[in-house]
Amino acid sequence: MLIDSNAYVGQWPFTQRRNNTCDGLLQRMNHFGVNISCISNLNGIFYKNTQAANEELYKEIKSEKRFYNRLIPFAVINPIYTGWKHDVEICHTEMGMIGIRLYPQYHGYELTNPFCVELVKIARDRDLVVAFSLRMVDSRPSSWMDLPIEKEWTLKDIVPIIKEVPDGRYLILNVANSTQLSDEETALFKEASTVMDTSGRALTNLGELLHIFGKDKFAFGSHTPILDNLTGLLRIESLRDSEADEATKELLRSGNIKRLLNL
């Protein structure tokens with residue numbers, strides 16, 4: 001089985017994206033052999049009210065059975081926008097979303113913001129996975145209206161929220177920059193319920209990272225439609241036998257994300 005832990009529908013305002021609907025995503029999934037995808041609506045990153053994007057996604061998924069059998073929606077929540085607690089309630093209890101994605105760089109708050117910490121604790125108590133994208137797009141050739149390059153995160157930038165809520169469940173997406181952590185921070189990551197997807201360019205040395213963090217800490221992810229559908233999978237399939245046996249590769253293809261999401 002192959003589960004994509006990092007996919008999107010919706011619009012990216014600075015570049016054209018194709019096949020960025022549920023129908024287009026499903027076509028790509030069928031072409032590349034992906035069984036299930038965890039998805040969010042890109043529009044939620046830019047809407048003032050992120051809940052409108054969650055409602056768009058929910059409506060599209062529920063429009064056809066072939067969508068809701070294979071697409072797992074994550075809500076985009078902004079904890080400094082009025083009504084965010086109600087948004088979490090609706091997304092979880094009425095829309096059946098089993099995770100949330102947070103975008104502090106775009107929504108303008110720090111991970112240690114009291115509302116962010118409260119949101120992650122609420123997610124923990126509701127048994128929801130919290131996902132963070134370390135980078136959405138490469139900032140170097142981006143529009144002047146997008147984030148500056150200094151706003152991109154490294155793995156170290158996630159440490160403060162894990163320290164605040166060590167018993168939460170975290171999905172770390174598009175690890176494109178440094179994975180360097182201190183021994184204490186590495187131990188924190190290994191002890192916490194964290195999984196990193198394989199879409200980020202910093203995971204080109206996946207075999208070494210498996211040795212550092214453990215085989216249970218990684219899962220296939222594509223970051224489509226911003227990145228391609230194959231690179232994240234090639235990082236798994238190209239592992240040498242000395243780096244990962246077939247059982248480990250199966251954990252990376254689907255086992256680890258199934259465990260994190262309680263599927």
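The structure is a predicted model, in which local features need pLDDT of at least 70 and side-chain atom pairs count only at pLDDT 80 or more, while totals for chains, interfaces and linings use all residues. Residues are numbered from 1 along each chain as its sequence is written, and side-chain values use heavy atoms, with hydrogens and water left out. Helices (H or I, at least four residues) and strands (E, at least two) are DSSP runs, numbered from the N terminus.

**Helix α1**

- Helix α1 spans residues 22-32, and its buried residues are C22, G24, L25, L26, R28 and M29. Buried means under 20% relative accessible area, exposed over 50%, and partly exposed in between (1.4 Å probe, protein chains only).
- These buried residues pack against β1 (3-9), β2 (36-41), α3 (50-62), α4 (65-68) and β3 (71-76). Contact here means heavy atoms within 4.5 Å.
- After α1 comes G33, which has a positive phi, near 75°.

**Packing of α3 and α5**

- α3 and helix α5 (residues 84-94) pack at an angle of about 15°, and their axes are 10 Å apart. That makes α3 roughly parallel to α5.
- Axes are lines fitted to C-alpha atoms, for helices over the stretch in contact, and angles run from 0 to 180 degrees between N-to-C directions. Angles under 35 degrees count as roughly parallel, over 145 as roughly antiparallel, 65 to 115 as roughly perpendicular and the rest as oblique.
- On the α3 side the contact is made by Q51, N54 and Y58, and on the α5 side by D87, I90, C91 and E94.

**Salt bridges**

- The whole structure holds 13 salt bridges, each a side-chain nitrogen of Lys or Arg within 4 Å of a carboxyl oxygen of Asp or Glu.
- E64 and R66 form one of them, at 2.5 Å from N to O. E64 is partly exposed at 32% relative accessibility, and R66 is partly exposed at 37%.
- D167 and R124 form another, at 3.2 Å from N to O. D167 lies in the loop between α8 (159-164) and β6 (169-173) and R124 in helix α7 (residues 114-125), so this pair ties together parts that are 43 residues apart in sequence. D167 is partly exposed at 49% relative accessibility, as is R124 at 27%.
- E246 and R253 meet at 2.7 Å, N to O, and R253 counts as buried at 12% relative accessibility.
- A network of salt bridges links E237, E246, E250 and R253.
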